[in-house]
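Please keep the sequence and the structure at hand while reading.

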Amino acid sequence: MELFKTLTLMLWILLLQRRHGCLAEEVVLLNSKESQAELGWTSYPANGWEEISGVDEKYKPIRTYQVCNVMEPNQNNWLQTGWIRRQGGQRIFIELQFTLRDCNSIPGVAGTCKETFNLLYAESDLDLGQVTREDRYTKIDTIAADESFTQGDLGERKMKLNTEVREIWQLSRRGFHLAFQDVGACVALVAVRVYYKRCPSTVQSLAVFPDTVAEAAFATLVEVRGVCVNNSEVDPDSAPRMHCSAEGEWLVPIGKCSCSAGFEEGHSSCEESKAIGQSETTR
């Protein structure tokens, strides 16, 4: 019965989002593509991940990290980002763009070459600095490529870019570090973007609704009460309310405000009645 209720609620939320949802706003906490200077992330051991300059698909200069120690077994190369302030985000999205070499296209690496790497994080209230303690980290997922490139692709300058998005939630500290663990792949980390979603400030039914951070749980709706715009008042039948979904979308508005006497509804506002303005002009 509980499972049925949960599934029904999830379906109801999806239907509401399709009918009435407003686009979510992404609050970006980190975007490595925006950095023109060195990223300066922590790499250990020293012969592991290497920071290099490159260009993106629009030939814009970017900073990337790569590692390709596929000839030697038992690789354990770590790359740690700087401290990322959470800024109140409840459900954090991590978007990775990367390229990965097909092991079958590299001769003599049977048994040592891998085609995956690990994504991890460590919560903290302060910057941990250049910490190398692996036991601080919690694994998010093993990242694999949908498309890997070969020696032929290199010759034709075709780098098959992969994009993967993962999430973390139930965070309690002020921030966190991300980490990337290489276990023997030939991989280039092209871009890392970290963000959370919120319902953007909006005016609906003559009521102002503020920016509202989306909750972490999929089926959780945050009820938000609106504030009537100038020269309006709460409708006596129902106060204005909306619900912010976990996807950062406003759902069906309930209630409304009404323009005060002498004012009429304009574009999301209450303006002085034209009839009153005209009568005053003729006096």
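The lining of the largest cavity is made up of seven nonpolar residues, two polar residues and one charged residue, where Ala, Val, Leu, Ile, Met, Phe, Trp, Tyr, Cys and Pro count as nonpolar, Asp, Glu, Lys and Arg as charged, and the others, Gly among them, as polar. This is a predicted model, in which local features need pLDDT of at least 70 and side-chain atom pairs count only at pLDDT 80 or more, while totals for chains, interfaces and linings use all residues. Residues are numbered from 1 along each chain as its sequence is written, and side-chain values use heavy atoms, with hydrogens and water left out.

**Cavity**

- One cavity of 30 Å³ or more is counted, a cavity being a set of points on a 1 Å grid over the protein atoms alone where a 1.4 Å probe fits but cannot get out.
- The volume of the largest cavity is about 30 Å³, taken as the space filled by probe spheres set on the points, with grid points joined across faces, edges and corners.
- Its lining residues, which have an atom within 4 Å of a point, are Ser32, Leu39, Trp41, Arg63, Thr64, Tyr65, Leu189, Val190, Ala191 and Val192.
- Strand S4 (61-68) and strand S12 (186-199) are the elements that give two or more residues to this lining, and S12 supplies the largest share, four residues; strands (E, at least two residues) and helices (H or I, at least four) are DSSP runs numbered from the N terminus.

**Confidence**

- The average pLDDT, the predictor's confidence in each residue from 0 to 100, is 86 for the protein, and 86% of the residues score at least 70.
- Among the elements, helix H1 (residues 2-20) has the lowest mean pLDDT (39), whereas strand S6 (residues 84-85) has the highest (98).
- Residues 1-21 have pLDDT below 50, and beyond near neighbours in sequence this stretch has 18 contacts in the model, a contact meaning heavy atoms within 4.5 Å.
- Residues 279-283 also have pLDDT below 50, with one contact beyond near neighbours in sequence.
- Where pLDDT is low, the predicted coordinates should not be read in detail.

**Backbone features**

- The peptide bond from Tyr44 to Pro45 is cis, with omega near -5°, and Pro45 sits in the loop between strand S2 (42-44) and strand S3 (50-55).
- Asn74, in the loop between S4 and strand S5 (77-80), has a positive phi near 55° although the residue is not glycine; Asn74 is exposed, with a relative accessible area of 76% (buried means under 20%, exposed over 50%, partly exposed in between, with a 1.4 Å probe and protein chains only).
- Asn231, in the loop between strand S17 (227-228) and strand S18 (232-234), likewise has a positive phi, near 65°, and counts as partly exposed at 37% relative accessibility.

Terms used
On a 1 Å grid over the protein atoms alone, a cavity is a set of points where a 1.4 Å probe fits but cannot get out, and a pocket is an open set with protein on both sides within 12 Å along at least five of seven lines; lining residues have an atom within 4 Å of a point.
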